[in-house]
Amino acid sequence: MSTVLENLVNRPYKHGFVTPIEAETAPKGLNEDIIRLISSKKKEPEWMLEFRLNAYRHWLTMEEPAWPNVKYPKIDFQNIIYFSAPKPKKLKSMDEVDPELLRTFEKLGVPMNERAALAGVAVDVIFDSVSVATTYKERLAEVGIIFCSISEAVREHPDLVRKYLGTVVPPGDNFYASLNTAVFTDGSFCFIPKGVKCPMDLSTYFRINTAESGQFERTLIIAEEGASVSYLEGCTAPQFDSNQLHAAVVELVALDGAEIKYSTVQNWYAGDESGRGGIYNFVTKRGLCKGANSKISWTQVETGSAITWKYPSCVLLGENSIGEFYSVALTNHMQQADTGTKMTHIGRNTRSRIVSKGISAGKSNNSYRGLVKIGPKAENARNYSQCDSMLIGAKSGANTFPYIQVHNNSAKVEHEATTSKIGEDQLFYFASRGIGPEEAISMIINGFCRDVFQQLPMEFAVEATKLLGLKLEGSVG
Amino acid sequence: MIRDGAKVLLEVRGLRVKVGGVEICKGMDLTVRAGEIHAIMGPNGSGKSTFAKALVGHPAYEAVAGSVVYEGKDLFAMEPEERARAGLFLGFQYPVEIPGVSNSAFLRLAYNTQQAARGADELDPLEFDDYVRAKMKLLDIDPGFLDRSVNDGFSGGEKKRNEILQMALLEPRLAVLDETDSGLDIDALRVVAGGVNGLLTPENAVVLVTHYQRLLNYIIPDYVHVMDGGRILRTGGKELALELESRGYDWIKAAA
């Protein structure tokens, strides 16, 4: 059992299959013509094309960030396919969806059709950049909620999109966000009008399918005064041998008294045991608590990707607004994660809470990077941060990089951090009661992550628990 | 209680155990039959705890020679968790803290694992809650234990009570208690004794590793073994413990 801690993580990726669907694919590379192609394929208005081109021109002047604590070969942005879509079909019902696609969802365990209805989840399915089916749209429309693909929103609700798109993550925000703004092919749009509580959790399942197709999703969620919504994002990807770039942008806007809860379970392909072929995940997620008494809560369970670079953040502009970040990041084998959050307190009496749980196994490296910034006008701002790391085996690494900037004397900022290790003595204690190492680790991990899992919607929490167990199987044995 | 023809549960022959490359147990022989209580005594460093840990398969304790047969099977061919499922139990001298894991969930998983190994019914959380609370009441253990993490922040005495609770729940065939009595006040000692006496049937057996005769006022052993230098030097009845109490260990060493 002395090697017990070495091997619990070696299980082949469960969702490693490719669905043979005919894709309409643009040539590799990026230039203004490709952007025009994307825009015209999407039948976008002129202002949208200009928006993209401006971002692209800005991107050309930018440098890829070098500060994250991750290492990877330089990405050749001209060797990426920026547009790939299943052949367009008019779908009137779910019966018309490509059966091959449905089987794919079946394999992934995505609750669609009746399963979606039973689960009470409306699924806006993203399949390689284009929304194939949007369910429940009508039921949501009855209460005035718009839930559709971002492309459709650009065409059908241009005023809303134009009013909010790029207001939280500006086109020039960072290297990957600018790239995304130039070439995003799809994503979700969600609008909850004044006073409406969304009657169900809204859910999008992402899945990368075509080899070497970059994925540039764009999500925009707006909750008007007094509105509330819980949004679920789940990811899984098939096994490929070449690295895949994923650079999504998610923008959330909460007006007075609005509440947005955004939950993610991320399980992109992480590469094989030597780290080949995994997804590069460079994501910009940010929420703006624009109105007074608004609240934005991010919950993420990050288990996949070769590289994760992701900082779901909150800008607390409105008085008494609240930002929350609950995160579990698990890395194994050669995975690298540099993830955390930024809480920017601008308004008075704003509060934020950060609970981050990092788990490192194998030879992986897991970094928490967080910024808490209290602006000069943020009277009585409060922040509480808790960053816990857990190491499995002797070759994994964990780092915590907390940045705290306080420009107002009335602020109260607390930071707590712990590092623990699953020790052989703990595993032996379980064993002496008849409990094997895999079950023991699963139990310890679930205990470690409980504060975060409690924030997830029930079914997601169950899924996340299973996922972590699956990810760590074989890491001890 | 010693009975003629009682089934042999444990047969240790010529056992040598190394820890960190150093041989601590240097040829142990011991036979435990169903229904018996054995006390293993001896000064610090005599190899008592090493023997106990080697039995249950702690990875740092390597058996380098000799044999241990448990219920007719080669014990060292079994993984630690298999030994536990086969009814071997160790009460730890220093129970391990497992922060974040709820004690009630841990106890239930351990219990259900044992039940499954015996082909018996597993209990759901509600059923288990009733079951465990009844046991706790019987043993006079604070039900607040259930809401805490496994041994996390427990006092020394609370940890030992938690060990006894686990023993009572798992109903082992052979329980080895490694200095479970050390550092306990009189009340906790009664809990330990109550747990052991409540466990014992003609089908199972208990091995108590202890420094002191004190515990043996509450649990009457059938055999007392005195260890030193990694071996059992002398075996006697319960009166041997009293003799040790008054005379110390040196006279045994001198005699051997």
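Two residues are taken to be in contact if their C-beta atoms, placed from the backbone, lie within 7 Å. The structure is a predicted model, in which local features need pLDDT of at least 70 and side-chain atom pairs count only at pLDDT 80 or more, while totals for chains, interfaces and linings use all residues. Residues are numbered from 1 along each chain as its sequence is written, and chains are lettered from A in the order in which they are written.

Leaving aside neighbours within four places in sequence, A:Ala254 is in contact with several residues, including A:Ala223, A:Ile260, A:Leu288, A:Cys289 and A:Ile296. Both A:Ala254 and A:Ala223 are among the residues with the most contacts inside the largest nonpolar core, which has 180 residues. Such a core is a set of buried Ala, Val, Leu, Ile, Met, Phe, Trp, Tyr and Cys residues joined through C-beta atoms within 7 Å, where buried denotes 20 or more other C-beta atoms within 10 Å of a residue's own.

Between the chains, 18 residues of chain A are in contact with 19 residues of chain B. The largest share of the side of chain A that touches chain B, 6 residues, comes from H9(A), a helix being a DSSP run (H or I) of at least four residues, numbered from the N terminus.

In chain B, 4 strands (DSSP runs of E, at least two residues) form an open antiparallel sheet in the order E2-E1-E4-E5. Strands E2 (22–33) and E5 (73–74) of chain B each have a single partner strand, so one side of each is left without a neighbour in the sheet. Pairing requires at least two DSSP bridges, and 8 bridges join E1 to E4 in chain B.

Notes: Buried ≥ 20, exposed ≤ 12 C-beta atoms within 10 Å, placed from the backbone.
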